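Okay, thanks for coming, everyone. Let me put the structure up and we'll walk through it.

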Amino acid sequence: MYEQEKIKPYGTEGHKREQVEKMFDNISSTYDLLNHSLSWGIDKGWRRKSIDSLRPYQPKKILDIATGTGDFAILAAQRLQPTELIGADISEGMMKIARQKVSSLGLESTIHFQKEDCGKLSFQDNTFDAVTVAYGVRNFEDLDQGLQELHRVLKPEGHLLIVELCSPNRFPMKQLFKIYSHIIMPTIGRLISKDQNAYSYLPATMAAFPQGEVMQNILKKAGFQAVSFKRFTFGICTMYLATK
């Protein structure tokens with residue numbers, strides 16, 4: 001078991017999946033405000049650069065796992081022009097907001113959302129040209145099982161794109177980010193989201209999540225090839241790109 005799998009939003013009792021679902025339902029109404037505010041809007045650039053890494057492959061059918069309120073799915077649809085994009089999440093509260101965004105943008109013919117457990121996806125083998133996961137892999141209850149499922153539903157030579165927040169490991173960003181993530185982020189999160197646990201849980205999973213070469217090897221173990229990664233903004237965010 002990886003360290004981030006042991007961390008749960010509401011204590012040790014119960015499954016992580018159920019607790020994560022409850023947490024995101026609780027914070028869904030304030031998630032976008034906090035997400036962009038706490039990253040000073042820098043996350044928008046990370047999303048664009050990551051999605052553009054898939055452009056050479058021209059994926060026509062895309063699965064966006066842990067789609068949340070749909071920002072990554074919408075941007076992927078706009079920049080990659082797929083024929084179909086499915087956003088999947090365990091939180092109906094988050095996807096309710098995602099559906100409203102898609103409707104307001106007139107993208108219902110391309111994007112739709114459905115509730116899925118990443119550890120046991122309902123899709124058939126070899127279904128998607130690309131699978132994306134933005135800021136959601138560290139919430140997987142079983143990382144190896146989840147990655148194996150993503151590998152299963154990808155077509156041969158399809159691509160997996162993961163974007164994940166990390167804890168910087170070099171001075172001075174390491175020290176500054178520790179203060180920010182352990183003091184400032186939880187305080188602002190509690191004030192705006194009214195959830196006492198969510199914005200302590202999220203930075204804790206960032207610190208515990210396997211990074212860089214370690215994550216690269218985990219992806220290879222799950223069956224992926226040509227695994228590469230790129231760090232953004234002093235290592236606060238990392239993009240992983242892999243091929244089935």
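Quick housekeeping: residues are numbered from 1 along each chain as its sequence is written. This is a predicted model, so local features need pLDDT of at least 70 and side-chain atom pairs count only at pLDDT 80 or more, while totals for chains, interfaces and linings use all residues, and side-chain values use heavy atoms, with hydrogens and water left out.

So, patches. By that I mean residues with over 30% relative accessible area and no salt bridge, with like charges joined within 9 Å and nonpolar side chains (Val, Leu, Ile, Met, Phe, Trp, Tyr) within 5 Å. Areas are Shrake-Rupley with a 1.4 Å probe, and a salt bridge is a Lys or Arg side-chain nitrogen within 4 Å of an Asp or Glu carboxyl oxygen.

The nonpolar patch covers about 610 Å², and Leu33, Ile179, Ile183, Ile184, Ile188, Leu191 and Ile192 make it up. Helix 8, residues 173–193, gives the largest share, six residues; helices here are DSSP runs of H or I, at least four residues.

Then there's a positive patch: Lys44, Arg48, Lys49 and Lys230. Its largest share, three residues, comes from helix 4, residues 43–52.

Cys166 is buried (under 20% relative accessible area), at 1%.

Methods. Lys and Arg count as positive and Asp and Glu as negative; His and the chain ends are not counted. The place of a charge is taken as NZ of Lys, CZ of Arg, CG of Asp or CD of Glu. Helices (H or I, at least four residues) and strands (E, at least two) are DSSP runs, numbered from the N terminus. Buried means under 20% relative accessible area, exposed over 50%, partly exposed in between (1.4 Å probe, protein chains only).
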